[in-house]
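Thank you all for coming.

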Amino acid sequence: AKMNRYKQPKTEWKTDAWEDKQAICKLVEWSKTEGIGLIAIKPQNEIYPEIFYFVFSPETADINKPVEIALVKNKQWIIGWKSDLEEINDIIGIIIANEMKMEGMSETVNLFDCLVKANAIIFHYTTPDGRDEMVKFPLAGFCENYLMQFAK
């Protein structure tokens, strides 16, 4: 079953806390089996996340092929990189520190600042059956929804 990436994806926000950490998650699903999640893990009393997880359902992407990720705002490229997928519990994904070192750059990039500027993430990956796939993960409202989690 090929997903319809032109159909409005279903989006949901979740938040969870344990000990001194908080996880804020945005899930975007294109079908019952295909979806991508963005999870920010941060200390309870801080605004900046320490770690981001980009997670894929196993039916979405081939774990043996790298994923290209680009943050864009109104089709203008902000930052992009290529990452390998790894197994994280029952899902596959990419783990990135917020202070990210980009290939060929001496300074680190604050991923959260880039995500706040962007209004979409473009994921370019290979499906398990070998198709080349590209999806747009909407970030619209990421900053507002992210910050709203602190008001609770």
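Predicted model: local features only at pLDDT ≥ 70, side-chain atom pairs only at ≥ 80, totals over all residues.

**A hairpin and its rings**

In the hairpin of β11 and β12, five residues lie between the strands, and Gly130 takes a positive phi near 90°. Residues are numbered from 1 along each chain as its sequence is written, and side-chain values use heavy atoms, with hydrogens and water left out.

Strands here are DSSP runs of E with at least two residues, numbered from the N terminus, and two of them pair if DSSP finds at least two bridges between them. Strand β11 (residues 120–126) runs antiparallel to β12, joined by seven bridges, and His124 stands opposite Met134 in β12. The covered face of β12 (residues 132–138) carries Glu133, Val135 and Phe137, whereas Asp132, Met134, Lys136 and Pro138 make up the uncovered one.

Turning to the rings, the whole structure holds ten aromatic pairs, counted for Phe, Tyr and Trp (its six-membered ring) when centres lie within 6.5 Å, with planes under 30 degrees apart called stacked, over 60 edge-to-face and the rest tilted. Phe56 and Phe123 are edge-to-face, at 5.4 Å centre to centre and 85° between the planes. Because Phe56 lies in strand β4 (residues 51–56) and Phe123 in strand β11, this pair ties together parts that are 67 residues apart in sequence. Phe123 also forms an edge-to-face pair with Phe137, at 6.0 Å and 85°.

Terms used
Buried < 20%, exposed > 50% of the residue type's maximum accessible area, 1.4 Å probe, protein only. Helix = DSSP H or I, 4+ residues; strand = E, 2+ residues; numbered from the N terminus.
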